[in-house]
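Please look at the sequence and the structure before reading on.

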Amino acid sequence: MLAMNYRGPYRVRIEERPMPRILHPEDAIVRVTRTCICGSDLHLYHGMVPDTRVGSTFGHEFTGIVEEVGPLVTNVKVGDQVLVPFNIACGKCNFCKQGLYGNCHESNTMATAVGGIFGYSHTAGGFDGGQAEYVRVPYANVGPTVIPADMDPDDAVLLTDVVPTGYQAAEMGGIKEGDTVIVFGAGPIGIMAARCAWFFGPARVIIVDHIDYRLEFAKNYSKCEAYNFKSMGDPVLFLKKLTDWYGADVCIDCVGCEAEGNALQTFTGKVTLMQAGTATALQWAVNSVKKGGIVSVVGVYGPPFNYVPIGNILNKGLTLRANQASVKRLLPKLIDHVQSGRLDPKGLITHKFPLEEISDAYHVFSSKLDECIKTVLIPSTKA
């Protein structure tokens, strides 16, 4: 089969790989029909995530057709068209029972924090991802979800990560009616977070980025205010002034470890790697939220540490909420939102590439060429 092969920072290619096999009675083999490149994949692609090994296959957003199941798999069968959450979760541990599928205690022996994630370095378990023609899916009684017959496949693939992560970013913000919400980052997750924020009744939703075409897209798709931080001078001062000097009720960091906007953070986080990526967006979120406000974090930060203004968090009495999205917990609600027309995930997709052109796809997405927002790869074995 064909699969993506990571060869080092900024170097990916397609090559022939052995077909995946059933290794456990609860495994399934899925023939991939759609897979995405995520903004989180770019952190791997740029060499920002520890223990990303040469030879890895990325890809944690994919749909496909079940080709083979282990003898203990009962929730899906051969021929089912499924979407596969990016969390690899056992469904039985204490954390899964709490709905914390992103913190499964059994799926990732490499860490005590995050659970297993498809195609996301050995810090997330070392599992091969879905940027391939076929993929082994562990715990197939838990994760894979049959796609409703009337659902567009492009909507379904974004339910594996983008929609749940954006929704949970807003949910963790504890948004109340009349609130002001600031979202940092106008990539797919930030755009979806801004869109989902409206479900909770805020008076204003504001999105901040430094790329004009993304801001324009966000303004149209998410019906929010959009501002370029390069034109703000001091972003925190600008945003405080914009919110009557109180600050926003909720700030959401959808950027993570490759944020632009602060020379010192960039030097220490991206050039010298003295910290685990730049924490610029997180600093702005902490400093732009009101006293007693909530900061929600879904932007990816690698271990072990970042320069974060903990003193301001303490002295402002802030609540900080963060996690990987628990996709399985959110899917019933989000499927209903999509089927009812309240959400249009496929509206984020701007580019499609054959899997064989993955190097070009990564280049276009990483370099933000051709006004790219979201990229989907179509394997040659698609249905």
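How far is the sulfur of cysteine 36 from the closest cysteine sulfur, and in which residue does that sulfur lie?

## Cysteines

The model is predicted. In it, the closest cysteine sulfur to that of cysteine 36 belongs to cysteine 38, 8.2 Å away, which is too far for a bond. A disulfide would need the two sulfur atoms within 2.5 Å. Cysteine 36 counts as buried because its relative accessibility is 0%.

Cysteine 251 is a second case. The closest cysteine sulfur to its own is in cysteine 254, at 11 Å, so the distance is too far for a bond. Cysteine 251 also has 0% relative accessibility and counts as buried. The structure contains zero disulfides.

## Overall fold

The protein has twelve helices and 17 strands. Its radius of gyration is 20 Å, close to the 21 Å that the globule rule gives for 383 residues, so the protein is as compact as a globular protein of that length. The C-alpha trace spans about 60 × 45 × 40 Å along the principal axes.

Of the 383 residues, 59% are buried. Among contacts between residues at least 6 apart in sequence, 71% join residues at least 24 apart.

## Annotated domain

An unreviewed UniProt entry lists residues 25-144 as "domain: Alcohol dehydrogenase-like N-terminal". Over that range the chain is 9% helix and 25% strand, with the end C-alpha atoms 15 Å apart.

## Helix H9

Helix H9 covers residues 280-288, and seven of its nine residues are buried. Among them are Leu282, Trp284 and Val286.

Technical notes. Residues are numbered from 1 along each chain as its sequence is written. This is a predicted model: local features need pLDDT of at least 70, side-chain atom pairs count only at pLDDT 80 or more; totals for chains, interfaces and linings use all residues. Side-chain values use heavy atoms; hydrogens and water are left out. UniProt positions are given in the numbering used here, feature names are shortened, and annotations may be inferred rather than shown by experiment. Helices (H or I, at least four residues) and strands (E, at least two) are DSSP runs, numbered from the N terminus. Buried means under 20% relative accessible area, exposed over 50%, partly exposed in between (1.4 Å probe, protein chains only). The radius of gyration is taken over C-alpha atoms; the globule rule is 2.2 Å times the number of residues to the power 0.38. Contact means heavy atoms within 4.5 Å.
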